[in-house]
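Biologist: Please take a close look at one part of this model, the packing of a helix pair, and then go on to the aromatic rings.

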Amino acid sequence: MANRIKRALVADDDPLVCQIITKLLTKNKIESFVVESGDQALAGLEDNPDFDMAVIDLVLTNGSGWDILDAIKKHANAKNIYTVILTGANISSSEIEKLKKKAQLVIKKQDFTVETFQDVLSGLLNKKK
Amino acid sequence: MRLSKILDSGTPIFDSAPKNQERKAVLPRLQENPTPPVTSFKAPADNTDHQTATHQAEARPAVVYQSTAHPIATNQTSARQTAAHQTAINESIESLYNSLPDAIYSAAKQLEIPIPSNKNLVLQKAMKAMDRIITLIPAYDDKNEMLSLARNTANDLMMVISLDSNFAKSIRRSPKSELAFHSHCINTALIAMDLAKGLDNIECSPNEIGMAAILHDIGIPAMNLDFVWQETNDKNFIKHVAKGVELLTKLKAPDIIRTMVAQHHERLDGTGYPNGISGKDFLVCSQILSLSEGFERIACEHHHASDTTGSSLENYTQKILHNYRKAFNPDILKAFISMRGFYPDGTMVELTNRSICMVLKQNEGFPLKPVVQIVIDSAGNHPDTAKVIDLRAANHLAIIRIVTEDRRQTHSL
């Protein structure tokens with residue numbers, strides 16, 4: 001059986017960030033499902049929860065990244081999504097601890113590099129072959 | 001003449017950055033790749049084979065990537081961030097760009113994703129912002145429009161610098177005397193942010209330094225003083241520092257911004273004004289602003305003199321070293337010279353083979369080895385075709401001295 005195309009939810013209200021993530025996902029043959037607000041992400045998850053990955057900004061309109069993480073955890077068919085928080089917000093250490101319990105990876109936008117994110121994607125793809 | 005009229009008349013405000021720095025429009029390339037598709041929320045989801053979706057993502061500990069270069073997690077920073085956030089809520093003037101971290105712009109650049117980077121638009125907007133800031137000075141503005149203008153202007157300028165650092169290296173003051181003040185503040189912001197982004201252990205972000213640079217001399221128009229080309233020790237002029245801080249205090253500007261403005265004429269050896277502080281009291285971010293402000297004056301005064309009197313070329317980078325060698329932290333000066341080059345673009349230099357060359361551009365990190373073009377070869381002839389030498393690669397050649405205009409005339413004869 002041929003492997004289906006991997007799918008990723010990208011939730012960020014900045015078009016440039018979405019373009020960067022989308023381009024890297026596309027290079028790795030991962031389909032992008034791009035939303036710019038919390039409610040769009042939640043609706044997308046409800047419609048098609050079979051994402052392999054979610055790249056989520058914390059600060060969004062109409063719902064936050066935290067809401068999306070909670071929805072992923074609660075959704076029976078979505079809880080295995082590999083979640084990456086990509087945030088430019090100044091998060092406290094306590095918030096980071098909370099994020100660690102809900103997401104597999106936290107990347108600060110200040111420290112984002114193409115190479116780092118490519119490594120994440122490569123690791124994800126190799127693990128799921 | 002009001003700025004709007006000058007802008008509408010098409011008068012060039014700045015020399016544009018090198019023309020070969022235009023970004024490639026590569027979005028079509030992204031769209032040429034049809035698979036896998038990018039699905040927007042409104043588009044129907046792609047129905048792929050769901051039967052294979054049986055993978056189990058391992059619940060492994062989260063990894064947090066954090067920079068350790070900037071020790072910013074302090075209570076003071078938190079207070080500043082809170083104030084900045086509050087101000088951001090009140091923003092009435094939108095930035096041309098969202099203030100994303102540099103890393104995102106670098107990634108976009110690496111992936112050849114086009115970003116709107118109309119430099120002239122940014123500069124025109126910055127000039128208008130300066131004009132508006134000056135207009136706002138007499139009236140206390142409880143909406144903090146002045147701070148918003150300064151912040152957004154700094155963000156926009158930083159955005160362009162992150163795409164093209166040459167943008168900050170081709171500074172020039174407006175030939176219009178009434179816009180010299182505007183140019184000075186914008187140029188200082190460009191120089192300071194360009195320098196700050198390459199340094200560690202600064203008390204604040206490059207954008208905050210840029211914001212302070214935009215506002216650093218607002219005491220001058222606030223006191224109705226004429227903006228002058230040279231630093232002056234005139235007692236009345238010195239008061240512009242305190243006046244600027246007073247204004248920023250009324251506006252509830254963040255502490256770090258006020259501190260930088262208060263220290264922008266200080267020197268590490270205590271010879272600055274108004275307080276003659278020295279040592280650790282002179283913050284790194286303030287030193288960056290102060291050095292940039294001084295360099296802008298020296299460099300633009302040089303351009304101004306050359307344009308109006310045709311006086312001989314002068315190495316203003318060396319002048320910085322001469323004037324400021326004890327005034328700033330050596331590491332900052334070293335970074336500055338490394339970034340700017342020891343021989344500014346356009347300088348005529350003599351090489352070890354006796355050829356006379358003009359400096360074309362800098363090799364960052366190699367301040368003594370710029371790229372040069374031969375004007376008079378070692379045999380005393382003008383080359384028939386343009387010959388460019390990258391001194392970083394030409395180990396057998398080095399610059400031995402700067403050639404003055406008199407020297408060039410001698411060679412020409």
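Modeller: In chain B, the axes of helix α5 (residues 119-136) and helix α6 (residues 145-163) come within 10 Å and cross at roughly 160°. Axes are lines fitted to C-alpha atoms, for helices over the stretch in contact, with angles from 0 to 180 degrees between N-to-C directions; helices are DSSP runs of H or I, at least four residues, numbered from the N terminus. The crossing angle makes α5(B) roughly antiparallel to α6(B) (over 145 degrees). Residues making this contact (heavy atoms within 4.5 Å) include B:V122, B:L123 and B:I133 of α5(B) and B:M146, B:L149 and B:L157 of α6(B). By class, the contact of α5(B) with α6(B) has eleven nonpolar, one polar and five charged residues (Ala, Val, Leu, Ile, Met, Phe, Trp, Tyr, Cys and Pro are nonpolar, Asp, Glu, Lys and Arg charged, the others, Gly among them, polar).

This is a predicted model, in which local features need pLDDT of at least 70 and side-chain atom pairs pLDDT 80 or more, while totals for chains, interfaces and linings use all residues. Residues are numbered from 1 along each chain as its sequence is written, chains are lettered from A and ligands numbered from 1 in the order written, and side-chain values use heavy atoms, without hydrogens and water.

Over all chains there are six aromatic pairs (ring centres of Phe, Tyr or Trp, its six-membered ring, within 6.5 Å; planes under 30 degrees apart are stacked, over 60 edge-to-face, the rest tilted). B:F295 and B:F336 pair edge-to-face, 4.8 Å centre to centre with 75° between the planes. B:F295 lies in α12 and B:F336 in α14 of chain B, so the pair ties together parts 41 residues apart in sequence. B:F336 is buried at 0% relative accessible area (buried is under 20%, exposed over 50%, partly exposed in between, with a 1.4 Å probe and protein chains only).

Terms used:
Helix = DSSP H or I, 4+ residues; strand = E, 2+ residues; numbered from the N terminus. Parallel < 35°, antiparallel > 145°, perpendicular 65-115°, else oblique.
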